[in-house]
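Thanks for making the time this morning. Please bring up the sequence and the model, and I will walk through a few pieces of the architecture.

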Amino acid sequence: MEQQLPSFDGRGSTSTGAYCRYRIEDRSYFSIIKKEITKEAEHLGFSSEKIGKIQIVVAELLTNLLKFGERSRELLWKSVWQKGAPGIEIMTLDKGPGIGSISQALEDGFSTSGTAGEGLGAIRRQSDFFEIYSQAGQGTVVLSRFFASEALHLKAPFHFAALSIAKPNENLCGDGYIIEYEPEHQLFNALILDGLGHGAGAYEASQAAIAAYTSLPKDSPELVLREIHQQIKKTRGAVAMALKYNFKEESLTYCGVGNISGKTTNYRTAKHLSSFNGIVGHVMSSRIHDQEIPWERGSLLFIHSDGLISRWDLAKYTQIQKYDPAILAACLYRDYKRGNDDTMIVICKHPSIDGKGTKADY
């Protein structure tokens with residue numbers, strides 16, 4: 001399983017599979033989780049020293065989650081890539097009481113669990129990238145990333161998060177995406193998909209659409225969906241949204257078919273992306289066409305499948321725009337998932353050009 005970290009420091013494209021997900025009710029799966037993540041780290045070429053750090057962090061995360069997270073305790077992990085460096089991303093989330101003083105909890109010698117790693121301070125010290133977001137009465141999300149080399153977590157001119165998780169008891173997720181970012185051409189293109197139903201058939205449909213997308217011209221999202229419609233007719237089909245952003249024009253062009261939700265918001269106002277009825281690869285209206293909305297600096301773009309309840313409230317997450325968008329995606333998943341379908345959440349910070357236009361090593 002190889003997936004790319006959802007951030008760019010230059011030119012690149014990325015598409016990923018789902019997170020591995022565990023509900024944490026007791027200590028039964030602790031050793032299994034550690035073994036699976038360790039096995040992946042070995043496969044990706046991590047040193048024994050770095051694997052030891054990962055094991056400390058996993059132990060601390062799980063212990064804290066079980067001890068302090070009262071409801072909806074989950075651990076998510078996946079392999080990632082940044083600038084050609086393989087890595088592992090781990091997140092824990094819960095609906096516990098939250099952390100009263102994060103600064104105190106992160107102090108050296110402050111142990112939340114009594115283990116050798118000394119709690120959150122150890123997680124921060126051992127991680128290559130670490131963030132924690134906690135609110136009283138709402139719970140906590142902890143994000144930790146590791147890289148096999150000494151890769152830096154660079155501040156990217158275009159940063160996004162993509163959280164896809166299979167329906168409970170399914171091994172494959174039918175929700176998928178692919179994003180292309182070309183700063184030298186001042187373009188951003190994306191395709192977000194929800195394969196019909198769930199399981200292997202839904203996964204096959206979304207992956208076939210992604211494969212078709214990679215070879216298509218991206219001048220028009222409408223034409224992209226029409227061509228994918230023809231190429232995936234042997235699958236069960238998917239609902240989808242294709243998007244294109246031109247930096248010079250500062251407008252977002254898109255076309256959606258089926259139950260895919262999207263909007264841009266600056267935390268004060270929101271502009272919704274509407275879709276046409278139909279299923280790509282099955283039955284699609286001949287009237288679909290490109291639509292445009294402004295995407296202003298400082299605004300976030302959200303696209304999600306119907307695995308997420310559409311009436312979510314961003315205002316409840318104070319100051320969360322300052323954090324990695326993976327934190328926000330995890331909060332939305334925790335608080336608004338339906339729990340009976342695959343879930344896909346894509347969050348994009350407004351793209352900007354730093355003038356360098358350097359090529360990313362993807």
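Which residues of strand S17 lie on the covered face, and which on the uncovered one? Before I answer, keep in mind that this is a predicted model. In S17, which spans residues 291-294, Gln 291 and Ile 293 make up the covered face, while Glu 292 and Pro 294 make up the uncovered one. In a regular strand, side chains alternate between the two faces of the sheet. The partner to look at here is strand S12, residues 251-257, which runs antiparallel to S17 and is joined to it by four bridges; within that pairing, Thr 253 stands opposite Glu 292.

Let me turn now to the open sheet, which is formed by five strands in the order S3-S4-S5-S7-S6, with antiparallel pairing. Its edge strands are S3, residues 20-23, and S6, residues 129-135, each of which pairs on one side only. If direction is ignored, neighbouring strands of this sheet are turned against each other by 15 degrees on average. At the S6 end, seven bridges join S6 to strand S7, residues 139-147, and the two run antiparallel; one of the bridge pairs is Gln 135 with Gly 139 in S7.

Helix H1, residues 30-43, lies across S3, S4 and S5 and runs at about 5 degrees to S4, whereas helix H2, residues 48-68, lies across S4, S5 and S7 and runs at about 10 degrees to S5. How do the axes of H1 and H2 cross? They come within 10 Å and cross at roughly 150 degrees, and because an angle over 145 degrees counts as roughly antiparallel, H1 is roughly antiparallel to H2. The crossing is right-handed. On the H1 side, the contact includes Phe 30, Ile 33 and Ile 37, and on the H2 side it includes Ile 51, Ile 54 and Val 58. Sorted by class, this contact has 10 nonpolar, three polar and two charged residues.

The last pair is helix H5, residues 200-213, with helix H6, residues 221-231, which pack at an angle of about 125 degrees with their axes 9 Å apart, and that angle makes H5 oblique to H6. H5 passes H6 in a right-handed crossing. Ala 209, Ala 212 and Tyr 213 in H5 meet Val 224, Ile 228 and Gln 231 in H6, and the residues of this contact divide into five nonpolar, one polar and no charged.

Conventions:
Residues numbered from 1 in each chain as written. Predicted model: local features only at pLDDT ≥ 70, side-chain atom pairs only at ≥ 80, totals over all residues. Heavy atoms only, no water. Buried < 20%, exposed > 50% of the residue type's maximum accessible area, 1.4 Å probe, protein only. Pairing = 2+ DSSP bridges. Axes fitted to C-alpha atoms, helices over the stretch in contact; angles between N-to-C directions. Parallel < 35°, antiparallel > 145°, perpendicular 65-115°, else oblique. Left-handed = near helix turned anticlockwise from the far one by under 90°. Contact = heavy atoms within 4.5 Å. Nonpolar A, V, L, I, M, F, W, Y, C, P; charged D, E, K, R; others polar.
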